[in-house]
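Welcome, and please open your viewer.

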Amino acid sequence: MSEIFKNIPEIKYEGPKSKNPLAFKYYDSEKIILGKKMSEHLPFAMAWWHNLGAAGTDMFGRDTADKSFGAKEKGTMEHAKAKVDAGFEFMKKMGIRYFCFHDVDLVPEADDIKETNRRLDEISDYILEKMKGTDIKCLWGTANMFSNPRYMNGAGSSNSADVFAFAAAQIKKAIELTVKFGGRGYVFWGGREGYETLLNTDVKFEQENIARLMRMAVDYGRSIGFDGYFYIEPKPKEPMKHQYDFDAATAIGFLRQYGLDKDFQMNIEANHATLAGHTFRHDLRISAINGMLGSVDANQGDMLLGWDTDEFPFDVYEATWCMYEVLKAGGLKGGFNFDSKARRPSYTVEDMFESYILGMDTFALGLIKAAEIIEDGRIDEFVKERYSSYRTGIGKDIVEGKTDLASLAAYAEKMGKPELPGSGRQERLEGIVNQIMFG
Ligand code: XUL
Ligand code: CO
């Protein structure tokens, strides 16, 4: 098989002074941060759909990039194999060790699922062959249950039982593929699991059905030896007006309600969190404190746009807070999947590589700075001190469950006017962060 990206060398670390656009400035895979190699802290993954599929089409215009990778006709098995060749060459040159996929990213979908599955068998054999002799693995797999018109009303939440059954068939195959690739996880992003209007929607029934489908997925996955985590990837809207997995807190509540919380974790995507009106960091924290911070879809949105722009991560502050949350949570069992696409006018092969270099360098910087914030200790110490009133006296009694409303009321009567709770020192803390970022 001939080289596809002939003008692109293996991407190496050259350090912050390098002016070479095809080199890492901060991602140094072997560098030790807090006792672990950067590459272990940052298991990066390539998103099959954006990197090998998305070619720039938007609502107002067609493709700008050529992602045929030498195949004569797009949407054929020849093209599917060319994507595999391109993907593996790309990952090797970038030093990326994981990939994520939807079933229909891998092959063109046929009308008959038996034919689609036959194609998936063929391409997955080809991928397995490629994986041999490399250290490239699968981070997670998923089924696309949102693009085909049959999913206009969702998959698990569809009003049609036949559509529900079709979704089950796709999930079954996608889990089998994930297991075949030795994947670490299986994702449910509820693409159209939501509603446009309550006038035609039975929310309770739809949510129960989604839970039924997830339960079947867990049972089947475990029965064929899948021992990774299932993930919910929350997103509040787009394509549906209202999606059930609105944010981490909502998804966690749902999993607990239906007894799925032992098998599932969160896959938090930055741009989804911000669409929900949160910071990326907020949804990471909510997942972490519930023991459910599983994996990350790394990207960023645009403050001025109200939709999922899936830009490559560039904002070092955001990446720092992400890595701070991840380090505090003890790392990820999953990884960092670049669910990001180069902008439509960034249509060249160089842009494919430079986008990933930007994303990986941004997260490497985030890791370095988050480790410095933790090692500096002033922020963590401040937060600890802020709650010190709960470590002695009445505060200790509250935490230890030794009080009730009556005893606290008696205490308050004796106390008179409570002192103010102490300055939050937000500006001082922000100054410390800037000092660490640029000092
Ligand atoms: C869509 C999105 C998906 C999921 C996988 O916003 O993020 O690509 O990551 O289905
Ligand atoms: Co995503």
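Residues are numbered from 1 along each chain as written, with chains lettered from A and ligands numbered from 1 in the order written. This is a predicted model, in which local features need pLDDT of at least 70, side-chain atom pairs count only at pLDDT 80 or more, and totals for chains, interfaces and linings use all residues; side-chain values use heavy atoms, leaving out hydrogens and water.

**Stop one: ligand 1.** Select ligand 1 and the residues around it (a heavy atom within 4 Å), including Trp140, Phe146, His272 and Asp339. This shell divides into four nonpolar, two polar and six charged residues. Now show Glu233, where a polar side-chain atom lies 2.7 Å from an oxygen atom of ligand 1. For Glu269, the distance from a side-chain N or O atom to a ligand oxygen is 2.8 Å, and for a polar side-chain atom of Trp49 it is 3.4 Å. The protein covers 93% of the 290 Å² of accessible area (Shrake-Rupley method, 1.4 Å probe) that ligand 1 has on its own.

**Stop two: Glu238 and Pro239.** Go to the loop between strands E10 (229-232) and E11 (242-243), where Pro239 lies; strands are DSSP runs of at least two E residues, numbered from the N terminus. A cis peptide bond, with omega about 10°, joins Glu238 and Pro239. Glu238 is not a glycine, yet its phi is positive, about 70°.

**Stop three: Leu34.** Finally, select Leu34, in the loop between strand E3 (32-33) and strand E4 (36-37). Leu34 also has a positive phi, near 45°.

Conventions
Helix = DSSP H or I, 4+ residues; strand = E, 2+ residues; numbered from the N terminus. Polar contact = N/O pair within 3.5 Å; in protein donor to acceptor, adjacent residues only side chain to side chain. Nonpolar A, V, L, I, M, F, W, Y, C, P; charged D, E, K, R; others polar.
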